[in-house]
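Here is a quick, friendly tour of a protein model. Keep the sequence and the 3D view open while you read.

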Amino acid sequence: MGETDHIKSALAHLGGVIHFGRVFMKPGKPTTFATLPKDTLYFGLPGNPVSTMVTYKLFVLPALKTWQGDFSVPETIAVSLPESRNLDPRPEYIRAVYNKGVTGNQCSSRLLSMRDANILLQLPARSDGVSQLLEGTPIKAMVIGKI
């Protein structure tokens, strides 16, 4: 998504329409979605492995299922936040194991944080009134593996 990124001009040259080129979330900010002629979908996923996996679960997999006629939405469950967390300015998806806790370092380059994860904790963006969520706060989690 920097100065030397030629994807947007290449998609336009192919007759593509870019629907979004960045998303307001963590991890996964540099995610792109476009449509090309002949009903072709284009997903440009981030380079960090965890960002790629999270955006695949949130954007690509539901799109592919819809294209196959499966209009189900990803399963979400209510959970208690396993540890206090400072909130990021963007909504954040934290890798965790249901009823066990967060899967370690949450940097988007830390692939091990995805290995055992079966849920993505959905944290809201920081706001003027809320900069931290305390352990035990009820939140939603997206199921990404067997619970």
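A residue is called buried when its relative accessible area is under 20%, exposed when it is over 50%, and partly exposed in between (1.4 Å probe, protein chains only). By that rule, Asp88 is buried, with a relative accessible area of 14%. Before going further, note that this is a predicted model: local features need pLDDT of at least 70, side-chain atom pairs count only at pLDDT 80 or more, and totals for chains, interfaces and linings use all residues. Numbering runs from 1 along each chain as its sequence is written, and side-chain values use heavy atoms, with hydrogens and water left out.

**Salt bridges**

Side chains of opposite charge can pair when their charged atoms come close. Here, a salt bridge is a side-chain nitrogen of Lys or Arg within 4 Å of a carboxyl oxygen of Asp or Glu. The count comes to four salt bridges, and the table shows some of them.

| Pair | Closest N and O atoms |
|---|---|
| Asp88 and Arg90 | 3.4 Å |
| Asp116 and Arg115 | 3.4 Å |

Lys26, Asp88 and Arg90 are linked in a network of salt bridges. What does the pair of Lys26 and Asp88 tie together? Lys26 lies in the loop between β1 and β2, and Asp88 in the loop between β5 (85-86) and β6, so the pair ties together parts that are 62 residues apart in sequence. (Helices, H or I with at least four residues, and strands, E with at least two, are DSSP runs numbered from the N terminus.) Lys26 counts as partly exposed, at 29% relative accessibility.

Most residues other than glycine have a negative phi, and most peptide bonds are trans. Now look at Lys26 again: the peptide bond from Lys26 to Pro27 is cis, with omega near -5 degrees. You'll find Pro27 in the loop between β1 (17-20) and β2 (32-36).

Lys38 has a positive phi, near 65 degrees. Its place is the loop between β2 and β3 (40-44), and Lys38 is exposed, with a relative accessible area of 82%. Asn99 also has a positive phi, near 60 degrees. Asn99 sits in the loop between β6 and β7 (101-102) and counts as exposed at 68% relative accessibility.

**The largest pocket**

A pocket is found on a 1 Å grid over the protein atoms alone, as an open set of points where a 1.4 Å probe fits, with protein on both sides within 12 Å along at least five of seven lines; lining residues have an atom within 4 Å of a point. The largest pocket has a volume of about 180 Å³, where a volume is the space filled by probe spheres set on the points. Its lining includes Lys57, Leu61, Ser72 and Met142. Which element gives the most to the lining? That is α2, with four residues.

**A nonpolar patch**

Tyr56 is in helix α2. Together, Tyr56, Leu64 and Trp67 make a nonpolar surface patch of about 310 Å². Such a patch takes residues with over 30% relative accessible area and no salt bridge, and nonpolar side chains (Val, Leu, Ile, Met, Phe, Trp, Tyr) are joined within 5 Å. Tyr56 is partly exposed, at 32%.

How values were computed. Patches are made of residues with over 30% relative accessible area and no salt bridge: like charges are joined within 9 Å, nonpolar side chains (Val, Leu, Ile, Met, Phe, Trp, Tyr) within 5 Å. Accessible areas come from the Shrake-Rupley method with a 1.4 Å probe; for residues, only the protein chains shown count as cover.
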